[in-house]
Amino acid sequence: MQKLDSHHLNTEWAFDLGTPQSPVAEGYIQVHENTLYSKELGYGLDVSTSSRDQNGADDLRRDFLLMSNRIFKVDVPNGIYYVQVTTGSLDNSDTTTFTLEGGATFSGKTDAGKFADHSGTVTITDGQLNIAFGAAAYSRTNAIRIIRYPDAPELVLSKVDFNSESSVTLTWDNVLKAQVYQIYRKSETEETFSRIAEATAPLYIDSDVEFGYNYEYQVSAMMDDFESERSNIVNIQFQDDQIQIPLVPDGLKAEGTTASSVDLVWQPTEGATTYYVYRSRFSSSNFERIGVTQTASFKDLTASTHQNLYYQIRAVHAGGMSGVSTTLEVPATFNYVRQMEYLDRGLVAVKNTDGVYVGWRMFGTDPNNVEFDLYRDGQKVNSEPIQSSTNYLDTNGTVNAKYKLHIRNGVGPTETKEVNVWGQQYLSIPIDKPADSVLPSGETYSYYANDASIGDLDGDGEYEIVLKWEAVAHDNSSPGYTTNVYLDAYKLDGTKLWRIDAGRNIRSGAHYTQFLVYDFDGDGKAEIAFKTADGTVDGTGKVIGDSQADYRNSRGYILEGPEFLTVFEGKSGKALDTVNYSPPRGNVEDWGDEYGNRVDRFLAGVAYLDGEHPSMVFARGYYTRAVLAAYDFKEGKLVQRWVFDSKDPGNSSYEGQGNHSLAVADVDDDGFDEIVYGAATIDHDGTGLYSTGWGHGDALHVSDFDPSRPGLEIYKVYEPEDSPRGFGVHDAETGVSVWGIQTGVDTGRGMAADIDPRHLGAEMWANGGLYSAGGELITTETPKSTNFAIWWDGDLLRELFDHNFKRSERYGLPKIEKWNWEAEELNTLYIPSGVRTNNDTKGTPALQADIFGDWREELILPALDSNSLQIHTTTDLTDYRIYTLMHDPTYRLSVAWQNVSYNQPPHPGFYLGEGMNPPPTPNISLVGAQ
């Protein structure tokens, strides 16, 4: 037996486990079935086991020991160790579990011919490292490798120079076998330490320090790829206490502003060598340093003056920095005006037991003094102008009546067309169910109505519906052929405008066809954009690409062939422009697997990236690599604006942070939209804004959920079991955590909605309780609905849309419930009949949006036989007058991306709930027929 020598005692132990006769891998120590631990040997098994040599792989993997219920022991000096266990077999699948002494438990399965390296870190305090293998059958173990991490250095502050060099000198003890040292620093303005340099000797001079700031330092030692724990913290306040700090600057004012700049001046402060300039979007909080100047003036070239801005100044010299100046407010001088669709008043009349409920839209562009008069059969119903709401109950109304609205002081036409009364609480729209489809296997399947979106396709001020049809759909992780995907367009009276056939080279499923419906070119009529391929047939019957091409492989995946992005005309379904799809597929393996799961995970959204015109964003990948491409549609052509790729230099932190959906909002209030891509956010210019690093998840919600703090918040759930949070809230602009709860499990669902009037802001829940917007646990009785939230009844609280799932049928029967905060239970408000939910257990509507009527939301639901759609609306009166949510940019864009992947409910960009302030007036320009 080979004893451990001095080399092993200091750096690495490497053991090749196998038969006594098998060759031993170079640099490894042999361990066979009878290598039992002894103090003299310093390593070995607790009891004998069995071995096998398969004589077909390299020397390390050809043989193995069966380690079920065995312990492997190694005598090691106390310290921190990296342990790697190699498992697998050439001709058998294998499951191995083991626990590192005082560390984590690992479990893994390998297929025949595959091998896996399981690794972890462990701290040894008793001079011996034990690896305890579990009871999994066989546990075929090929090798064990143990590497000791370097010791942590002892850091000391050697010198501080306030004069010529303005520097901090650090020294530390030399660590045995350290090849390089990493230097970390954190200033008082930073949340965490960041690596600022590396050194090959135990000395570092930091010249990048500024007067007045407090700095903390740590150092670590590196050996190969292994890094020690960090040293003790050394703290320094970088200012000369022998010199009095400068006086506070005076006379701060703005001499001029443009759309993107502010010129600041102030009175010089005696003795000051430098001035620090700070800016905030809020009058009393969140100031960030934006510049340094040696003169009493500063030109802010990063200002967005469509919003109020606030500035402060500090004077600085070797004695430190002064207090802050008085705050200067620079009022907004420029507004980005967003092009949005013109809508009619969305007048709707519904018969109920008390008469006829009538609702209509107030525009976001209407003045505060807009008034309404309601006419039934030519006679005015109301005695006084309707000023405080946008709905009315006509107790004398009948199902045969006709209603018209007159508008005073409003925007657009002064009266609406007459509308008929619905005899029930929904509008039924007939749809053209496609003929049954036959798969290559010969099986026949029927189509069912799936996700929908809305847009004014013909420019008449009324929404049309774009509906996706599916028959056989698969998740990316599941093999199998799928049926063709169809998109239809319908007017609200059931008139079918067109049908687009995506063709055999577009797979069917929630992750494949993300279709956007929006007026991209500003002509008052919406277009449709989505990923196409050879064989896609537009609404006029024209084929895109090669009609005969078939790129489906034997498992039903489509991993070759061209990919396109096409924009279609809303009125006719005609293909207007087709370009190669970006992000392209490239090598399938680049996305995280070989068989086609991760490469075809698509997302899409609409965003105002220039502040005024809508762009389309199409994305690929989120488990590993993530790529987003932005396009404009100008003069009938698709023009690429930018591409963000997580594999590009500096973007690695954005890998693996995407969700099964995305959101779009102006998170930093600069007038331009950002793409909230799960745990990461991409800025409007295609650069990364931030990545939290907390990982992938399913559910995502973005709004002003907490009106007590400035800006927007993001509530998200997380899938990785080792994520520091299972669900929680972070600041939408900065990514800084507001609060979070670690669950240690895959947290699949989560909801954010104001359902409890006792707490200002929205409540959040997933598994483990109901929380306030600020993270306070309200109750452990969690609402069982984590599906969709909807404004339905007359108060400002939000109700919950869910379903009773029919597992055998793979759909649910929908319902609307309200949280009873006193009884801590859900009460049913409304049950639509004859309809179902979509997307299996997800239980989503075809679409939820403020489609017509007042600001409350409607539901589009497929009939059980998929021969019609029903649009369900509330008939509850409300005294709250809020402009249509479709004129809030964040909400309207939420509706545009709602059908994407795992559908999420729409949220506005302002707080809508109990205790809300009046909604902000949207900066929009309405385009279309008026």
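**Close-up views of a predicted model**

**View 1. The aromatic pair of Phe-98 and Phe-133.** At 4% relative accessibility, Phe-133 is classed as buried, a term that stands for under 20% relative accessible area, with exposed over 50% and partly exposed in between (1.4 Å probe, protein chains only). This is a predicted model, in which local features need pLDDT of at least 70 and side-chain atom pairs count only at pLDDT 80 or more, while totals for chains, interfaces and linings use all residues. Residues are numbered from 1 along each chain as its sequence is written, and side-chain values use heavy atoms, with hydrogens and water left out. Across the whole structure, 34 aromatic pairs are found, where rings of Phe, Tyr and Trp (its six-membered ring) pair if their centres lie within 6.5 Å, and planes under 30 degrees apart count as stacked, over 60 as edge-to-face and the rest as tilted. Phe-98 and Phe-133 form a tilted pair, with 5.7 Å from centre to centre and 45 degrees between the planes. Phe-98 is also buried, its relative accessible area being 2%.

**View 2. A cluster of rings.** Tyr-715, Phe-727, Trp-739 and Tyr-771 are linked into a cluster by ring pairs.

**View 3. Arginines over aromatic rings.** The charged end of Arg-798 sits over the ring of Trp-791, 3.7 Å from its centre, and Arg-289 lies over the face of Tyr-276, at 4.5 Å from the ring centre. A charge sits over a ring if NZ of Lys or CZ of Arg is within 6 Å of the ring centre and within 35 degrees of the ring normal.
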